[in-house]
Amino acid sequence: MNVLVNVKRAAMVGLGTLATALLVSCGGGGDQVEPFVPTRLLVFGDEISSIQDVNSNGQGRKYNVNALAADNLTLDCTTNPIWVQYLSASYGLVLPACNPNGLQNLTSRSYALPGQLATDVAAQVTQHLASSSFSETDLVTVLAGANDILAQYGQYPTISETAARANLEAAAEQLAAQVNRIANAGGRVLIATVPDLGLSPYAIAQKAANTDTDRAALLSRLTSYFNVRLRREILNDGTRIGLLLADELVQVVVKFPATYGLTNVISPLCDTALAATVDQCTSLTLVSGGTTGTYLWADDRRLGPAGHLRLGQAAASRAANNPF
């Protein structure tokens, strides 16, 4: 079953409901408010938003649980979508790295790359502007910062929490500058905060392995330092930028997992003994008893299919309801 087809149908029903609600709110006889419907999706950031077409066949690999076709060899990139795939499907758009049907003349693009820092987004935006521009019918996603947070944490306690905070706030300011750059150039931006890394399996393991301080709480604070400064620095006129609170979403899901149909929010779904890195993780390399619908995390720091589902649903809702 193609998951993205069902997502698109559900999202379009939601858009229709939104349009009706807006019309009713105007009394039905005044100016009709049209819902924002982008003509292309442009993706910037790190591996949480990245699809790499490693085989050049439109079946890209993700930093998630990569589904396999019936032969248990070929990638099936439309199953276990990442969050930007849910978003693109809600508008009937296709990202080139996951294009198994070989559709031609695709206009959506992803510049997101694995391992990128917040400061690397500037080069991604510049790359886009070298051959294109931004318009009012572009929906642009930006999500980066997790690698910055992990890099700063990795230097603790050689550097103090105060120094790490200053570095993360500087990185957040630079990312916000790129969000504002895109908005000022005409794009409609959906900026996501970094999921709370203090709730990740990595943080839980770090807390157990270190007694100097609560390492999970430290990672939550570092995440917060970045996200708070990012939110403070982006333009806030309500018409060009929509804010997606991925950190708060993860916090709620971890606190009330059963509400979201999850049974495990503390352990990785991918078995590192079977796949050393998450981009190599497939439906055949999962921990015993683990399922894509019940685990929040793919590896010790990145969301799995269930996490991407919730983030993708929130993104589609935010894009539909933001007054772009």
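The axes of helix H3 (residues 121-129) and helix H5 (residues 161-184) come within 9 Å and cross at roughly 20°. Axes here are lines fitted to C-alpha atoms, for helices over the stretch in contact, and angles run from 0 to 180 degrees between N-to-C directions. H3 and H5 are therefore roughly parallel to each other. Angles under 35 degrees count as roughly parallel, over 145 as roughly antiparallel, 65 to 115 as roughly perpendicular and the rest as oblique. On the H3 side, the contact is made by Val-121, Ala-122, Val-125, Thr-126 and Leu-129. H5 contributes Leu-175, Gln-178, Arg-181 and Ile-182. Contact means heavy atoms within 4.5 Å. By class, the contact of H3 with H5 has six nonpolar, two polar and one charged residues. Ala, Val, Leu, Ile, Met, Phe, Trp, Tyr, Cys and Pro count as nonpolar, Asp, Glu, Lys and Arg as charged, and the others, Gly among them, as polar.

The model is predicted: local features need pLDDT of at least 70, side-chain atom pairs count only at pLDDT 80 or more, and totals for chains, interfaces and linings use all residues. Residues are numbered from 1 along each chain as its sequence is written, and side-chain values use heavy atoms, with hydrogens and water left out.

The chain holds nine helices and nine strands. Helices (H or I, at least four residues) and strands (E, at least two) are DSSP runs, numbered from the N terminus. Of the 324 residues, 50% count as buried. Buried means under 20% relative accessible area, exposed over 50%, partly exposed in between (1.4 Å probe, protein chains only). Among contacts between residues at least 6 apart in sequence, 74% join residues at least 24 apart.

Five strands form an open sheet with parallel pairing, in the order S4-S1-S5-S6-S7. Strand S4 (109-110) and strand S7 (241-244) stand at the edges, each with a single partner strand, so one side of each is left without a neighbour in the sheet. Two strands pair if DSSP finds at least two bridges between them. Strand S1 (residues 40-45) and strand S5 (residues 138-143) pair in the parallel sense over six bridges. Val-43 has Thr-141 as its bridge partner in S5. Helix H9 (residues 305-321) packs on the sheet. H9 touches S5, strand S6 (188-192) and S7, and its direction makes about 150° with that of S7.

Two disulfides are present. A disulfide is a pair of cysteine sulfur atoms within 2.5 Å. In sequence order, the bonded cysteines pair 1-2, 3-4. Cys-77 lies in the loop between strand S3 (61-62) and helix H2 (83-90), and Cys-98 in the loop between H2 and S4, so the pair ties together parts that are 21 residues apart in sequence. Cys-77 is buried at 1% relative accessible area, and Cys-98 is buried at 7%.

Cys-270 and Cys-281 also form a disulfide, their sulfur atoms 2.1 Å apart. Here the S-S torsion is about -90°, so the disulfide is left-handed. Both Cys-270 and Cys-281 lie in the loop between strand S8 (264-268) and strand S9 (295-297), so the pair ties together parts that are eleven residues apart in sequence. Cys-270 counts as buried at 6% relative accessibility. Cys-281 is buried, with a value of 0%.
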